[in-house]
Amino acid sequence: MLQFRFSTALEKLFHTSRKRPLTDIVRHKASVPKPLCFSSSCPHVHRTSEIKTLRYGGHRAFSHVSPPWRRPLCTKAEGAIEPSEPVKKDETGQETAADKRRKAGILPSLEDLLFYTIAEGQERIPAHKFITALKATGLRTGDPRLKECMDMLKVTLKTTSDGVMLDRHLFKKCVQSNIVLLTQAFRKKFVIPDFMSFAAHIDKLYEKAKNLSGGQVADYIPQLAKFSPDLWAVSLCTVDGQRHTVGDTKVPFCLQSCVKPLKYAIAVHDHGTEYVHRFIGKEPSGLRFNKLFLNDEDKPHNPMVNAGAIVCTSLIKQKASNAEKFDYVMNFLKNMAGNEYVGFSNATFQSERESGDRNFAIGYYLKEKKCFPEGTDMTSILDFYFQLCSIEVTCESASVMAATLANGGFCPITGERVLSPEAVRNTLSLMHSCGMYDFSGQFAFHVGLPAKSGVAGGILLVVPNVMGIMCWSPPLDKLGNSVRGIQFCQDLVSLFNFHNYDNLRHFAKKLDPRREGGDQRHTSFGPMDYESLQQELALKDTLWKKVSPTESNEDSSTTVVYRMESVGEHS
């Protein structure tokens with residue numbers, strides 16, 4: 001599940017019963033003129049260091065002592081019906097439940113606040129305005145978490161006269177099933193608060209890398225040589241499910257070596273670290289990825305080189321047939337990708353098998369050194385190895401896989417746990433030290449992020465706890481990494497403080513997109529900080545104003561008193 005960063009004020013608002021009227025407010029003491037009290041001296045009230053007093057338009061708010069099972073409430077926000085405001089009635093001539101609550105002067109719901117934020121003073125909003133505002137937060141209308149909202153929106157628009165406009169009641173009907181996620185998005189509580197600004201920077205980095213013309217498309221696997229050298233795509237997905245893509249992001253390509261960290265993660269998830277590393281080491285080899293070479297213990301150096309990846313393949317579903325193993329891994333990868341595109345290129349598989357002499361040589365060498373679990377059929381494992389290399393993705397689906405690794409094993413767009421924390425941690429560690437072939441040391445030094453490249457031109461990049469990125473461009477440098485992809489990753493870390501060893505507090509030369517406006521985030525709200533909450537939600541009809549403190553004989557803590565004034569008093 002997403003880790004929501006709600007302020008305490010909104011949490012109180014969210015958990016407050018919508019049926020609790022202001023008439024259930026507990027009064028503190030006669031010494032304070034008709035206050036609404038949150039002091040520990042009040043019965044049945046949790047201790048707090050502040051007493052909030054509500055005064056409206058210079059007149060005291062009424063209250064009476066509530067039954068012991070009631071909890072106190074002292075607020076009125078935008079949307080509460082004024083005494084002079086006419087009450088809307090339903091088709092039967094009766095007041096609606098929502099209007100009864102509003103007439104009673106209780107807090108508006110989160111759905112109301114979201115409507116007011118988008119409507120900007122209007123009584124109705126066009127549906128496309130909501131969709132546009134939603135996309136500006138980084139969320140997509142196709143996000144699985146918003147399915148109920150989008151389905152209800154389609155149904156609701158069919159019932160309207162113009163098929164476009166939504167009033168507050170229809171809007172609430174559409175968003176209520178996903179209100180927590182939507183409130184978090186519109187309050188800029190996602191990991192990248194100013195997402196549109198961040199996406200604009202990504203587009204500029206993409207265009208800069210697009211101008212590069214060096215490198216050669218891999219041709220030792222004939223099927224890979226057919227890709228155009230002009231293809232170039234970048235896609236990202238944050239741990240909150242914010243998405244941005246630019247370029248040829250819907251063109252399928254094979255994972256090739258980018259699948260190595262994924263199947264290693266599956267093996268550790270299934271068997272644990274200790275078992276997997278009985279057969280595979282953890283050290284960079286310092287050699288070409290396809291060398292016939294083992295470490296001093298006669299084990300492959302790590303699971304990111306071919307020898308280690310072949311052994312790792314043999315650990316997955318050891319007693320099952322290749323068909324069962326393949327389906328198992330495909331389902332795993334689809335879960336990592338949030339059920340977005342994961343396919344298979346049979347042509348690439350056949351091409352790999354026909355030109356895989358080096359991998360067959362590695363396989364026989366591993367068999368001779370007894371590197372496989374007992375009873376392993378080496379030739380069958382090589383077939384399975386070639387199949388996994390031939391799994392197809394798009395930049396978009398692969399970015400969600402990377403984001404699942406960035407998110408501790410939870411898929412950001414479904415909220416489902418796919419991998420164990422142990423598997424994710426180990427995978428990222430090895431990607432950081434061994435993931436970029438013979439360029440791994442330099443990449444760790446200059447970029448400082450876990451990554452894995454493949455000869456199809458992909459680079460799977462993970463910014464832990466922030467986002468996953470897939471870059472794809474077929475032309476490779478002499479070490480087998482995408483030329484444009486390497487340039488993009490270096491430029492990304494030069495602009496943003498994503499390097500693992502960037503100081504987040506004192507390195508002012510880089511942007512921090514995790515902070516609103518690139519600066520430090522605002523302090524989170526206190527227990528009932530109405531002034532800050534009002535400013536954030538852009539409430540316009542009423543203003544909470546802090547007035548001079550008073551003293552309470554029953555609570556030695558500071559007493560803070562608020563009164564609510566109309567906008568007219570400030571004009």
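Before starting, a note to myself: contact here means heavy atoms within 4.5 Å. I also keep in mind that this is a predicted model.

**Entry 1**

Five strands make it up, in the order 7-6-13-12-11, and their pairing is antiparallel. I looked for the edges and found strand 7 (243-247) and strand 11 (451-453), each of which pairs on one side only. I also noted the twist, which averages 10° from one strand to the next.

What lies across this sheet? I found helix 16 (residues 395-406) lying across strand 6, strand 7, strand 12 (458-463) and strand 13. Helix 16 runs at about 145° to strand 13.

**Entry 2: walking along from strand 7**

I went through the strand pairs in sheet order. Strand 7 and strand 6 are antiparallel and joined by five bridges. I picked Thr245 in strand 7 and found Ser235 opposite.

Next came strand 6 (residues 233-238) with strand 13 (residues 467-472). Six bridges join this antiparallel pair. Which residue of strand 13 is the bridge partner of Ser235? I looked it up, and the partner is Met470.

**Entry 3: strand 12 and its partners**

Strand 13 also pairs with strand 12, in the antiparallel sense and over six bridges. Here I found Cys471 of strand 13 standing opposite Ile459. Strand 12 and strand 13 form a hairpin with three residues between the strands. Asn465 in this hairpin takes a positive phi near 65°.

On to strand 11 and strand 12: they run antiparallel and are joined by three bridges. Ala451 has Leu461 in strand 12 as its bridge partner. This pair is a hairpin too, with four residues between the strands. Gly457 sits in the turn with a positive phi of about 110°.

Is strand 12 mostly covered or mostly open? I found it mostly covered, with six of its six residues buried. Gly458, Leu460 and Val462 point one way from the strand. Ile459, Leu461 and Val463 point the other way, and all of these residues are buried.

**Entry 4: helix 15 and helix 13**

I left the sheet for the helices. Helix 13 (residues 346-354) and helix 15 (residues 378-389) have axes that come within 8 Å and cross at roughly 135°. At that angle, the two helices are therefore oblique to each other. I checked the handedness as well: helix 13 passes helix 15 in a right-handed crossing.

Which residues of the two helices meet? From helix 13 I listed Phe349, Glu352 and Arg353; from helix 15, Asp383, Phe386, Gln387 and Cys389. Sorted by class, the residues of this contact are three nonpolar, one polar and three charged.

**Entry 5: helix 15 and helix 11**

Helix 15 has another crossing to look at, with helix 11. Their axes come within 9 Å and cross at roughly 105°. I wrote down that helix 11 and helix 15 are therefore roughly perpendicular to each other.

On the helix 11 side, the contact includes Asn306, Ala309, Ile310, Thr313 and Ser314. These meet Ile381, Leu382, Phe384, Tyr385 and Leu388 of helix 15. By class I got seven nonpolar, three polar and no charged residues.

**Entry 6: two loop residues with positive phi**

Last, I looked at two residues in loops. Glu120 is not a glycine, yet has a positive phi of about 55°. I found Glu120 in the loop between helix 3 (110-119) and strand 3 (124-126). Buried or exposed? Glu120 has a relative accessible area of 52%, so I noted it as exposed.

Lys317 is not a glycine either, and its phi is positive at about 45°. Lys317 belongs to the loop between helix 11 (306-314) and helix 12 (322-336). Its relative accessibility is 38%, so Lys317 went into my notebook as partly exposed.

Methods:
Residues are numbered from 1 along each chain as its sequence is written. This is a predicted model: local features need pLDDT of at least 70, side-chain atom pairs count only at pLDDT 80 or more; totals for chains, interfaces and linings use all residues. Side-chain values use heavy atoms; hydrogens and water are left out. Axes are lines fitted to C-alpha atoms, for helices over the stretch in contact, and angles run from 0 to 180 degrees between N-to-C directions. Angles under 35 degrees count as roughly parallel, over 145 as roughly antiparallel, 65 to 115 as roughly perpendicular and the rest as oblique. A crossing is left-handed if the near helix is turned anticlockwise from the far one by less than a right angle, and right-handed if clockwise. Ala, Val, Leu, Ile, Met, Phe, Trp, Tyr, Cys and Pro count as nonpolar, Asp, Glu, Lys and Arg as charged, and the others, Gly among them, as polar. Buried means under 20% relative accessible area, exposed over 50%, partly exposed in between (1.4 Å probe, protein chains only). Two strands pair if DSSP finds at least two bridges between them.
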